Amino acid sequence: MLDIQYLRNHPDQVAERLATRGYRFPLDEFRILEEERKRIQVNTQSLQAHRNRVSRAIGQARINGDDDEALKEEADQINAALKTGEESLQHIQAKMVAFLMDVPNMPHESVPVGTSEKDNVELRKVGTPQCFSFAIKDHVTLGEGLGMLDFETASKLSGARFSLLKGDLARLHRALAQFMLDVHTREHGYTEMYVPYMVNGDSLRGTGQLPKFEADLFAVPRGDQEKHYLIPTAEVPLTNVVRDVILKESQLPMRLTAHSPCFRSEAGSYGKDVRGLIRQHQFDKVELVQIVHPEHSYAALEELTGHAERNLQLLELPYRVIVLCTGDMGASASRTHDIEVWLPGQNTYREISSCSNCEGFQARRMRARFRNLAGANEWVHTLNGSGVAVGRALVALMENGQTEDGSIRIPTVLQPYLGGKALISANG
């Protein structure tokens, strides 16, 4: 949620910045709500001042022994009007909160202005895609050739966009998640968490998926009880750990990580972008979340991006880092770095991690604060990123590590997780 005080003081500037991400901020609607709020608030303050004067007059009348019945009747009328005014103020403030819940975050001034992924800016490339001396296969052909990737059975079980991994490929998938958690906890200082896979609506409102993106979620009805949702990412439960909490400044930064399945119902696009394991309704991720002091959040974004990159470096996978333009960022982000891994089967880079600084946008929705050294409460800044998507890392390992006979080479860092195995082949 946007900073309401900044919005009140700079509505035109807010509208201009939001326009760079393709969002038309409803200035007229905001000004109507704001004028109504100010009118009610001024009237309420006037009534409170009047009540104070009448209270003093009643006190003086009692000291003087004068009749105070008329004054008491006036005080009762003022209290009734105040109650009505306070109810009206709460109503208009609730309308303002609901209004702001649909407004995306403002892009940071450093974010390149653009309308689509074509306007994203490459920051760096790491590693060089190898040249193969044989015809390249994509991960679907490789996995099915090994007898370890089965979409037909998965479709029978659950429908389209689900997968079934078998044998060493399933084991490699598990090894990737364990490896990433070990790197982030041992090298980068993250605390590993095991999180719920279903969350309530407040959690999704806190991180920005609700109310605007409910169609992208899998809802879980519970009879007459509150509806729950399958998590679209572990970012949701990890970030909401600090919802309605006032932290000590000494507790910052917080670094949290979790491996979880993720569930997304969005349709996505068609073609190579969704072939095989690339875009599934259920997939696994190792998520990174940082809760930091506002002064340090952009340094934290660089750090978090580097933590995600470290996995790809250890896995010996070529990748690039890009900064998303204003029109391609997620709604909660103020700046986003995407990490794209090289996929030989598609002859292109594909996103494997998205690292975002949300500044205070999520914190205001969650009422997540810290008490600074002066004793005042401030909003924390929240960051999140994939560290990294397990299924897409598996795709990248399969395609980059393929051999002419369809076997898959296993990077050195993963071999201990697979009992020393260096190659996955149809022969075992």
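Colleague: How many of the 9 residues of strand 14 (residues 381–389) are buried?

Modeller: This is a predicted model, in which local features need pLDDT of at least 70 and side-chain atom pairs count only at pLDDT 80 or more, while totals for chains, interfaces and linings use all residues. Residues are numbered from 1 along each chain as its sequence is written, and side-chain values use heavy atoms, with hydrogens and water left out. Buried means under 20% relative accessible area, exposed means over 50%, and partly exposed lies in between, with a 1.4 Å probe and protein chains only; strands (E, at least two residues) and helices (H or I, at least four) are DSSP runs numbered from the N terminus. Strand 14 is largely enclosed by the rest of the structure, because the number of its residues that are buried is 9 of the 9.

Colleague: In which order do the strands of the open sheet of 8 strands stand?

Modeller: Two strands pair if DSSP finds at least two bridges between them. Strand 8 and strand 14 run antiparallel and are joined by 7 bridges, while strand 11 (residues 348–357) is joined to strand 14 by 3 bridges, also antiparallel. The pairing in this open sheet is mixed, and the order is 1-9-10-11-14-8-7-2.

Colleague: What is the bridge partner of Ala258 in strand 8?

Modeller: Strand 7 (residues 254–263) and strand 8 (residues 282–292) pair in the antiparallel sense over 10 bridges. In strand 8, the partner of Ala258 is Glu287.

Colleague: Are the rings of Phe30 and Phe99 stacked or edge-to-face?

Modeller: Rings of Phe, Tyr and Trp (its six-membered ring) pair if their centres lie within 6.5 Å, and planes under 30 degrees apart count as stacked, over 60 as edge-to-face and the rest as tilted. The structure holds 7 aromatic pairs. In this one the centres are 6.3 Å apart and the planes of Phe30 and Phe99 are at 25°, so the pair is stacked.

Colleague: How many residues apart in sequence are the parts that this pair ties together?

Modeller: Phe30 counts as buried at 2% relative accessibility, and Phe99 counts as buried at 8%. Phe30 lies in helix 3 (residues 27–64) and Phe99 in helix 4 (residues 69–100), so the distance in sequence between the parts is 69 residues.

Colleague: Is Tyr417 buried or partly exposed?

Modeller: The rings of Phe179 and Tyr417 have centres 6.3 Å apart and planes at 80°, so this pair is edge-to-face. Phe179, at 3% relative accessibility, counts as buried. Tyr417 has a relative accessible area of 23%, and therefore Tyr417 is partly exposed.
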